[in-house]
Amino acid sequence: MVITVSGKSEQAIVLKDLTFHVEERRPPLAGIVIPDTACPSAFSYRSAEVKLNAQPPQWKPAGTRKEGDRSEPLSFPYKVTAADPEVLVVTVDPAGCHCTWWAELAWVSGNESGSALIKEGGRPFQTTSTKGLPAFTWMGSKRESL
């Protein structure tokens with residue numbers, strides 16, 4: 001999950017914490033996996049991981065990244081403005097379930113504070129475990145098992 005956060009003006013907003021909420025856990029869906037083969041990003045970002053089977057789910061800074069990645073472990077607080085955004089990349093691990101979930105980003109600006117709900121078009125996200133599922137990729141026009 002990629003979260004890009006910026007302010008609406010040059011007044012700084014301080015990002016305080018990220019909380020995950022799981023609404024429902026069900027058995028994983030069946031199917032096949034086609035991995036994302038997107039090219040590495042050119043932007044710098046903060047990275048973390050969250051396991052949705054924890055009670056409650058807690059994020060932790062991401063471990064070591066591959067050479068060439070432009071990431072730093074996520075560690076609040078961060079200041080953002082309209083001209084100086086932050087990009088947070090969180091690896092979401094459903095850990096053996098099909099989870100319905102959403103996140104909440106706490107912030108403060110001057111005397112105001114609140115939280116931004118992170119959902120998919122106003123609805124919770126749905127993520128399923130892919131453990132044990134067959135995985136394929138395409139090389140040209142040929143399908144290959146992973």
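The questions and answers below go through some features of this predicted model and the reasons for the words used to describe them.

Q: What makes the link between Cys 97 and Cys 99 a disulfide?
A: The sulfur atoms of Cys 97 and Cys 99 are 2.2 Å apart, and a pair of cysteine sulfur atoms within 2.5 Å is called a disulfide, so the pair meets the cut-off. The structure holds one disulfide, and both of its cysteines, Cys 97 and Cys 99, are buried.

Q: Why is Trp 138 called partly exposed?
A: The relative accessibility of Trp 138 is 43%, and the term covers values between the 20% under which a residue is buried and the 50% over which a residue is exposed, so Trp 138 counts as partly exposed. Trp 138 lies in strand 11, which runs over residues 136-139, and together with Ile 32 and Ile 34 this residue forms a nonpolar patch on the surface, with about 320 Å² of accessible area for the three together.

Q: What makes Arg 46 and Glu 72 a salt bridge?
A: The closest N and O atoms of Arg 46 and Glu 72 are 2.7 Å apart, and a salt bridge asks for a side-chain nitrogen of Lys or Arg within 4 Å of a carboxyl oxygen of Asp or Glu, so the pair qualifies. Because Arg 46 lies in strand 3 and Glu 72 in strand 5, the pair ties together parts that are 26 residues apart in sequence. Arg 46 and Glu 72 are also linked with Glu 86 in a network of salt bridges.

Q: Is Arg 46 buried or exposed, and how do you know?
A: Arg 46 has a relative accessibility of 18%, and buried means under 20%, so Arg 46 counts as buried.

Q: Why is Lys 79 called exposed?
A: Lys 79 has a relative accessible area of 59%, and exposed means over 50%, so the word applies to Lys 79. Lys 79 is found in strand 6, and among the residues that Lys 79 touches are Ile 13, Val 14 and Glu 86. The C-alpha atoms of Lys 79 and Gln 11 are separated by 9.6 Å, although the two residues are 68 residues apart along the chain.

Q: Which residues have the most contacts inside the largest nonpolar core?
A: This core has 24 residues, and those with the most contacts inside the core include Leu 15, Phe 20, Trp 59 and Trp 101. Several strands each supply at least two residues of this core, among them strand 2 (13-26) and strand 8 (98-109). Trp 59 touches Leu 18, Phe 20, Val 50 and Phe 76, among others.

Terms used
Residues numbered from 1 in each chain as written. Predicted model: local features only at pLDDT ≥ 70, side-chain atom pairs only at ≥ 80, totals over all residues. Heavy atoms only, no water. Core = buried A, V, L, I, M, F, W, Y, C linked by side-chain atoms within 4.5 Å. Buried < 20%, exposed > 50% of the residue type's maximum accessible area, 1.4 Å probe, protein only. Helix = DSSP H or I, 4+ residues; strand = E, 2+ residues; numbered from the N terminus. Contact = heavy atoms within 4.5 Å. Patch = residues over 30% accessible without salt bridge, like charges linked within 9 Å, V, L, I, M, F, W, Y side chains within 5 Å. Areas by Shrake-Rupley, 256 points an atom, 1.4 Å probe, with all protein chains shown as cover. Lists of a residue's contacts leave out its neighbours within four places in sequence.
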